[in-house]
Amino acid sequence: MSAAIEFHEHADEEDLPAWSLPADAVDRIRVPVTLPEQVTREWAWGGSTGAGVRVCILDSGIELDHPLVGRVDRSVAVLRDEEGELQVLDDAEGDLCGHGTACAGVVRALAPDAELTSVRVLGAGYKGGGEIMLRGLQWAIEQEFQIVNMSLSTTRTKYVERLHELADHAYFKRVLLVASAHNMPVESFPWRFASVISVGSHEEADGLTFYYNPTPPVEFFGRGLDLDVAWLGGGTLRCTGNSFATPHIAGICALILGKHPDLTPFQLKSVLYQTASNAKEAA
Amino acid sequence: MSDLEAAVAAGVLGADEAHRALLQATVEVARAIFGAKAASVFLLDEEAEELVFEAVSGEGEGELIGMRFPAGNGIAGWVLTTRQPLVVDDLSADTRWSRSQAESTGYVPKSMMSVPLLVEERALGVLQVLDRPPESRVKLREVDMLGLFANQAAIALDLLQRARRARAALAGEGRLAPLARVAARLEDDENDAAFELLRALERVLREQP
């Protein structure tokens with residue numbers, strides 16, 4: 001009897017189809033149909049505060065006790081140990097330059113109850129930046145954050161393949177990567193990958209205004225102009241840049257996942273598409 | 001392309017100043033277009049992890065060239081590491097940055113546009129435009145324009161660095177220095193025997209595995 005139960009439990013986890021779908025397995029992969037006929041903003045995030053959604057800020061750290069950021073659940077940093085190996089260690093340095101705090105403040109303003117975790121990959125010297133970013137991203141995916149905000153990119157082609165693999169891995173693990181696009185004539189990553197949500201800026205002053213771009217690779221435009229963002233020393237700084245448009249989209253995603261935690265990254269992207277400020281109902 | 005080939009192809013042995021002039025022209029045009037108090041280009045010294053003033057127009061012109069500060073710090077530092085342009089208005093709110101910058105340059109700007117200088121996959125430095133007119137609110141079109149200036153400045157900076165590497169390779173005790181001296185003599189002397197020897201050397205090198 002106990003063996004049968006064990007077998008049954010085992011079967012539940014292991015007998016899910018991987019590479020093909022036998023007829024008798026169809027019942028085992030019934031998935032919830034969560035999208036209504038017309039996806040509205042009210043349906044998507046009405047009443048949501050982002051509660052229960054774990055958001056990772058992959059950046060320069062987050063200043064602790066900043067009034068515009070509030071609670072930070074955990075702070076880690078990617079550091080080299082004495083043997084030169086990269087380690088992810090708990091970190092009490094806060095923010096080394098203000099950029100991560102600014103991004104965290106934007107997410108917090110939109111999704112007040114989201115859980116924030118800081119992964120510090122910037123600001124610890126210029127060298128080895130790409131390796132440190134990759135290690136931090138890998139850790140964030142392992143930790144299964146629902147959203148990872150990446151207001152940064154690399155132009156180093158030697159990292160592209162590994163970064164691409166990580167982005168695809170994240171996509172299938174339901175870790176949504178929200179990445180800043182470039183408005184310069186250079187190739188940079190990961191924002192160019194289809195498995196992430198890439199973000200540029202619009203000029204309007206409303207944080208919930210965002211646009212779908214029908215001519216990617218920049219897929220969405222978030223608020224990125226003239227923002228008072230959280231900065232070092234508990235203060236604010238008036239800034240413009242895609243770095244801050246990105247956490248706006250991340251914050252909206254946190255609201256949506258707070259209400260619909262089972263959405264996959266591709267469903268979430270569809271919900272963003274249908275609730276974008278330029279989306280019109282078909283006539 | 002090797003540094004020597006670059007040197008020969010571009011005839012850089014006297015071109016350092018021309019590239020510097022191109023960089024200077026870029027910051028001057030950037031400053032004029034944005035109506036700014038100053039514009040500058042910083043070169044990243046990767047070895048020292050420092051940013052070096054390479055061209056300045058406006059406030060600090062003529063005094064700041066060659067001045068260094070740590071690449072990991074400040075707004076220029078993170079523009080470099082995030083590869084993302086940033087426009088900051090009202091820098092007085094950022095006390096940490098203002099103090100360190102004031103100490104090193106003697107000029108504390110109120111606003112700043114910063115953009116990384118990228119050539120292919122390398123980040124070479126940062127272009128900054130300081131203190132646009134206070135009434136001019138930044139528009140995204142300006143950020144895009146800044147990106148275009150950055151592209152131009154990056155190309156100039158790349159040329160300048162190549163010229164310097166080539167000069168270092170060909171000058172003084174550099175391993176290729178005799179080649180440069182030989183080339184100069186050959187041009188001056190028109191020595192047939194020396195040309196014959198040079199062709200022989202080329203054959204030897206070609207026949208080596």
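## Helix α2 of chain B

On helix α2(B), the face turned away from the buried side carries Glu17(B) and Ala32(B), which are exposed (exposed meaning over 50% relative accessible area, buried under 20% and partly exposed in between, with a 1.4 Å probe and protein chains only). The buried residues of this helix are Asp16(B), His19(B), Leu23(B), Gln24(B), Thr26(B), Val27(B), Ala30(B) and Phe34(B); seen down the axis of α2(B), they fall within an arc of 150°, so they line one face of the helix (the arc is that of the directions from the helix axis to the C-beta atoms). An α-helix has 3.6 residues a turn, so residues three or four places apart point the same way. The cover over the buried residues of α2(B) includes β1, β2, β5, β6 and α5 of chain B, and the helix is followed by Gly35(B), whose phi is positive, near 60°.

## Basis of the model

This is a predicted model, in which local features need pLDDT of at least 70 and side-chain atom pairs count only at pLDDT 80 or more, while totals for chains, interfaces and linings use all residues. Residues are numbered from 1 along each chain as its sequence is written, chains are lettered from A and ligands numbered from 1 in the order in which they are written, and side-chain values use heavy atoms, with hydrogens and water left out.

## A sheet with strands from both chains

Eight strands form an open antiparallel sheet in the order β10(A)-β11(A)-β4(B)-β5(B)-β6(B)-β1(B)-β2(B)-β3(B); strands pair if DSSP finds at least two bridges between them, and helices (H or I, at least four residues) and strands (E, at least two) are DSSP runs, numbered from the N terminus. Its edge strands are β10 (227–230) of chain A and β3 (68–70) of chain B, each of which pairs on one side only.

Within this sheet, β5 (residues 112–119) and β6 (residues 122–130) of chain B pair in the antiparallel sense over eight bridges, and the bridge partner of Met113(B) in β6(B) is Val129(B).

## Salt bridges

Over all chains the structure holds 18 salt bridges, each a side-chain nitrogen of Lys or Arg within 4 Å of a carboxyl oxygen of Asp or Glu. Arg132(B) forms one with Asp89(B), the closest N and O atoms being 3.3 Å apart; Arg132(B) lies in the loop between β6 and α5 of chain B and Asp89(B) in strand β4 of chain B, 43 residues apart. Arg132(B) is buried, with a relative accessible area of 6%, and Asp89(B) also counts as buried, at 14%.

In chain A, the side chains of Asp228(A) and Arg238(A) meet in a salt bridge (2.8 Å, N to O); Asp228(A) lies in β10(A) and Arg238(A) in β11(A), so the pair ties together parts that are 10 residues apart in sequence.

Notes
Contact = heavy atoms within 4.5 Å.
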